[in-house]
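Me: I have a model open on my screen and would like to know what stands behind the words used for it. Could you take me through them?

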Amino acid sequence: MSAQTRYGYPMPIGAAGGIVDTAPYSIVSRLNVEESGTMKFGSGVVQGTKPGSGIAVPTSATTVAKFEGITTNNHHTEHDLEGGLRIRKSAAIGVMTYGRVYARVAEGVEPAYGDSLFIITSGAEAGFVTNNAAAVAAGGEEAAPTTIAIKGRFLGGVDSTTKVAPVELFNQAQA
């Protein structure tokens, strides 16, 4: 009798928006003010039109004082008929304000343990994290996306399968 001893793929470290470990954390509920499918789990979000209630994807006008946290993966979110995961407009979403969470990482970013944490505030990767304030936009564009520095750090590198990395948001006011 034989047994499989090798696998052709690595085990992912985590899922976008998943909680990393049992370290202290805070998750608040907020409502998605974006159109359905725009917001993603594991992305940085900012105050929406109604601060303390709604959240939105960051824009180039975003300041660090408007940063709310990183969206957490809700286990009750449904896939659509094509198998895609879309966060609906006005849906309640958990937002980690401090703690350790798996965040979506910008394309081409290779963070290391302890690297500084920045949130991209423009382009297709708005809300994704990077370790470089002047990170190159996806596709190798010359113009770097706008970023804001977040009080936090990377806890490790990027998973090649899920394109997420563990990050820690510090329990400190961002502004």
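Me: Why is Thr147 called buried?

Reply: Buried means under 20% relative accessible area (exposed is over 50%, partly exposed in between; 1.4 Å probe, protein chains only). Thr147 has a relative accessible area of 18%, so Thr147 is called buried. Please keep in mind that this is a predicted model, where local features need pLDDT of at least 70, side-chain atom pairs count only at pLDDT 80 or more, and totals for chains, interfaces and linings use all residues. Residues are numbered from 1 along each chain as its sequence is written, and side-chain values use heavy atoms, with hydrogens and water left out.

Me: Which residues does Thr147 touch?

Reply: Contact means heavy atoms within 4.5 Å. Leaving aside residues up to four places away in sequence, Thr147 touches Phe118, Ile119, Ile120, Thr121, Thr130, Asn132 and Ala133.

Me: What makes strand S9 largely enclosed by the rest of the structure?

Reply: A strand is a DSSP run of E, at least two residues, numbered from the N terminus. In S9 (residues 164-169), 6 of the 6 residues are buried, so the strand is largely enclosed by the rest of the structure. Val164, Pro166 and Glu168 point one way, while Ala165, Val167 and Leu169 point the other way.

Me: How do you know that S8 and S9 pair?

Reply: Two strands pair if DSSP finds at least two bridges between them. S8 and S9 have 3 bridges, in the antiparallel sense, and Phe154 stands opposite Val167 in S9. Strand S5 (residues 92-104) also pairs with S9 in the antiparallel sense, over 6 bridges.

Methods: Helix = DSSP H or I, 4+ residues; strand = E, 2+ residues; numbered from the N terminus.
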